[in-house]
Amino acid sequence: MDIVQKIEALGESAQYDLCNACGAATRQRDDLGRWIYPAALPDGSRVRVLKVLMTNVCEKDCYYCGVRASRDVPRASFTAEELARAFDRMNRADLVDGIFLSSAVCAGADRTMDRMIACIELIRTRYQFPGYVHLKLLPGCSEAHVERAVQLAHRVSVNLEAPSAERLAAIAPRKDFFHELTEPMRVAKRLIDASGGRLAPAGQTTQFVVGAAGEPDHEILAKTAELYRDLDLRRAYYSAFQPVRGTPLDGLEPTPTWREHRLYQADWLLRFYGFSFDDLVFDAGGNLPRKADPKMMYARSHPELFPVEINRASREELLRVPGLGPRSVARILRWRREGALRELGDLAKTGAVANRAATFLLMDGRRPPHQLPLWEGWPV
């Protein structure tokens, strides 16, 4: 198998790892079929990232995974030199700006990490690449490997896959939730903090496979909120479970994509709107309701908090209003110092979804006339 075929095969295998992706629909494929994804950096810029596995030869046997050990699929592996050289050629040809390197676990986590780190060291030293690197921390890797990874990469990640040890055992019985998954995250947090943010400046992320273990949204978001609080996680990714033919979970129903969407909406509230986990509204089964987005559910569940006076409310109060987001709230606070907002037209100019917000607002003591929205969109 030549280098191009390996990139195609191992890029294909890497598509299920979302910790650096914006979703499969946004990927780009060049004329050789290489897998390139856009990634958003902390400063808001975007880079084109080659997302690839070091190998898809795996000793783990996760029930949901397409490259699990007992599944008959084509296997391929890179040497460190092969992948580093291939990436350098792609970078010099202006096809990619960065690399996201993950891997299946072959001959133990540490030996696989040795190969991954050797590849990135070559990219950094031999090929003098200063740009974006995201490096996966494999389950059970040593503290020394975590330390070298945060020295080399802008971002590192560990895929928790499930919100608890009990849920993980149902889909990945060969993985230890605490020792192999959360402990490397804690080590990375300690090393990043000790460096003052110099190491892995883009922090760390994780990913959940939603629905494979029968877990409700309540459990996933409770774990996510804990990770944001205790480990300074930069973000979580949520991947709706889709059964893969020839795996033990082949017969399960796929997780609907609307559920993944609701999790991202709730996550957005936790990260950017000042919401806590306790602010989220779940149904009797512990899931986010389908009928309305999490911010609208909060507003409807707290009628005592609304309407708020747009010309006097605090930033925190305004961010609780459906239809208002961080940017529109910043404009409201700035513009109202120059004069009161009196009409929905004034509100719309801030970038708010004015008709959506109107139900929950007073403008100079009056409820603005509006039409009720016919559908629930992304929460702002």
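Author: Let's start with Ala222, which sits in helix H7. Keep in mind that this is a predicted model.

Reader: What makes Ala222 count as partly exposed?

Author: Its relative accessibility is 27%. Buried means under 20% and exposed means over 50%, with partly exposed in between. At 27%, Ala222 therefore falls in the middle class.

Reader: Helix H7 has a neighbour, H8. Why are H7 and H8 called roughly parallel?

Author: H7 covers residues 217–230 and H8 covers residues 257–272, and their axes cross at roughly 30°. Angles under 35 degrees count as roughly parallel. That is why H7 and H8 get the label. Their axes come within 11 Å, and the crossing is right-handed.

Reader: Which residues make the contact between H7 and H8?

Author: From H7 you have Asp217, Ile220, Leu221, Thr224, Ala225 and Tyr228, and from H8 there are Arg259, Leu263, Ala266, Asp267, Leu270 and Arg271. Sorted by type, the residues of this contact come out as seven nonpolar, one polar and four charged.

Reader: And what makes H3 roughly parallel to H4?

Author: H3 and H4 (residues 143–152) pack at an angle of about 25°, with axes 10 Å apart. Since the cut-off for roughly parallel is under 35 degrees, H3 counts as roughly parallel to H4. The crossing of H3 and H4 is left-handed.

Reader: Which residues meet there, between H3 and H4?

Author: Asp110, Met113, Asp114, Ile117, Ile120, Glu121 and Arg124 are the ones in H3, and they meet His145, Arg148, Ala149 and Leu152 in H4. That contact divides into five nonpolar, one polar and five charged residues.

Reader: How do you know whether Gln128 is buried or exposed?

Author: Look at its relative accessibility, which is 58%. Exposed means over 50%, so Gln128 counts as exposed.

Reader: Where does Ala200 sit, and what is its phi?

Author: Ala200 is in the loop between helix H6 (177–194) and strand E7 (204–210). Ala200 isn't a glycine, but it has a positive phi of about 40°.

Reader: Why is Ala200 called buried?

Author: Its relative accessibility is 1%. The limit for buried is under 20%, so Ala200 gets that label.

Reader: What about Trp35: buried or exposed, and how do you know?

Author: Trp35 is in strand E2 (residues 35–40). With 1% relative accessibility against a limit of under 20%, Trp35 counts as buried. Val49 is 14 residues from Trp35 in sequence, and their C-alpha atoms are 8.4 Å apart.

Reader: What makes the peptide bond from Phe306 to Pro307 cis?

Author: Check the omega angle: for the bond from Phe306 to Pro307 it is near 0°, and the bond is cis. Pro307 is in the loop between helix H9 (294–301) and strand E9 (308–309).

Reader: How far is Pro307 from Arg367?

Author: They are 60 residues apart in sequence and 8.3 Å apart in space, C-alpha to C-alpha. Arg367 is in the segment after strand E10 (361–362). Setting aside neighbours within four places in sequence, Arg367 is in contact with Pro307, Thr359, Leu361 and Leu362.

Reader: Last one: how much of the whole protein is buried?

Author: Buried residues make up 55% of the 380 residues. The protein exposes about 17,000 Å², with carbon and sulfur atoms supplying 50% of that. Its secondary structure comes to 13 helices and 10 strands.

Conventions
Residues are numbered from 1 along each chain as its sequence is written. This is a predicted model: local features need pLDDT of at least 70, side-chain atom pairs count only at pLDDT 80 or more; totals for chains, interfaces and linings use all residues. Side-chain values use heavy atoms; hydrogens and water are left out. Axes are lines fitted to C-alpha atoms, for helices over the stretch in contact, and angles run from 0 to 180 degrees between N-to-C directions. Helices (H or I, at least four residues) and strands (E, at least two) are DSSP runs, numbered from the N terminus. Angles under 35 degrees count as roughly parallel, over 145 as roughly antiparallel, 65 to 115 as roughly perpendicular and the rest as oblique. A crossing is left-handed if the near helix is turned anticlockwise from the far one by less than a right angle, and right-handed if clockwise. Contact means heavy atoms within 4.5 Å. Ala, Val, Leu, Ile, Met, Phe, Trp, Tyr, Cys and Pro count as nonpolar, Asp, Glu, Lys and Arg as charged, and the others, Gly among them, as polar. Buried means under 20% relative accessible area, exposed over 50%, partly exposed in between (1.4 Å probe, protein chains only). Accessible areas come from the Shrake-Rupley method with a 1.4 Å probe; for residues, only the protein chains shown count as cover.
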